[in-house]
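The following exercises concern a predicted model. Each task is followed by a solution in steps.

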Amino acid sequence: EKSLPSSISGLRLEAIFHPKFENERPDEDIRQRMLANVDARRGHLEASLKHSGSLILWSGRQCFYSKNSTGNTFTKTGEILLMQHFARCFGATGWREEYHRCSEFVRRRRLTCSFEVVSSILGHHGDLPSRDYIILIAVADRSHMPPGGAAGVGRFYSTCELVKFAHAHRLPHNDVWLFGSAKSCECLFRT
């Protein structure tokens, strides 16, 4: 087995994202398995709103990524909207300090924050928003990943962890509804 050149061996994974859809399986099969798990009290169903925009990843500081690139219109729009969010939350004099505090927290803990960037200037992904916004949809923890980012290692925050993290840093996050009975799940599926 060849070893990596020294210029490459120091590289490390900087961003990961959670795939959004599993289109290979029929919906009915997935729904029946979810209902069976909820009915057997092996879990609950979480439902959230779908925001149609562009996926942007942030690993702290100015490390913004889209799925396949960085330093483009998509990543710059995400960066601007995140900074505008901090300015709205913390005011013209305090936002930079809070942004840097959150940024360093993300960087030190090797997190990747996935945001949906919903903007009227990035193209049509459904309805055009009346106001551009950014929303936190996932947090990946890369702190336990070995060099090279082996598959299956690392983890994503649970919904509870994501909400707690978002509240600690006043980040906008998705609304989530929990369904704990097969009957409530069936009502959701009918809507």
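**Exercise 1.** Determine how many residues of β2 are buried, and which way they point.

*Solution.* Five of the five residues of β2 are buried, so the strand is mostly covered under the cut-off of 20% relative accessible area. Ser-54, Ile-56 and Trp-58 point one way, whereas Leu-55 and Leu-57 point the other way.

**Exercise 2.** Identify the strands that pair with β2, and the sense of pairing.

*Solution.* Begin with β4 (residues 111-118): β2 pairs with this strand in the antiparallel sense over five bridges, and Ser-54 stands opposite Val-117. Next take β3 (residues 64-65), which pairs with β2 in the antiparallel sense over two bridges; here Phe-64 is the bridge partner of Trp-58. The hairpin of β2 and β3 has five residues between the strands, and Gly-60 takes a positive phi near 95 degrees.

**Exercise 3.** Classify the ring pairs that Tyr-99 forms with Trp-58 and with Phe-86.

*Solution.* A search of the whole structure finds seven aromatic pairs. For Trp-58 and Tyr-99, the ring centres are 5.7 Å apart and the planes lie at 25 degrees; because this angle is under 30 degrees, the pair is stacked. The pair links β2 with helix α3 (residues 73-108), across 41 residues of the chain. Trp-58 has a relative accessible area of 0%, and Tyr-99 one of 2%. For Phe-86 and Tyr-99, the centres are 5.5 Å apart and the planes at 90 degrees; this angle is over 60 degrees, so the pair is edge-to-face.

**Exercise 4.** Name the residues of the ring cluster, and state which residue lies over the face of Phe-90.

*Solution.* Ring pairs link Trp-58, Phe-64, Phe-86, Phe-90, Trp-95 and Tyr-99 into a cluster. Arg-170 lies over the face of Phe-90, at 4.8 Å from the ring centre.

Conventions: Residues are numbered from 1 along each chain as its sequence is written. This is a predicted model: local features need pLDDT of at least 70, side-chain atom pairs count only at pLDDT 80 or more; totals for chains, interfaces and linings use all residues. Side-chain values use heavy atoms; hydrogens and water are left out. Rings of Phe, Tyr and Trp (its six-membered ring) pair if their centres lie within 6.5 Å; planes under 30 degrees apart count as stacked, over 60 as edge-to-face and the rest as tilted. Helices (H or I, at least four residues) and strands (E, at least two) are DSSP runs, numbered from the N terminus. Buried means under 20% relative accessible area, exposed over 50%, partly exposed in between (1.4 Å probe, protein chains only). A charge sits over a ring if NZ of Lys or CZ of Arg is within 6 Å of the ring centre and within 35 degrees of the ring normal. Two strands pair if DSSP finds at least two bridges between them.
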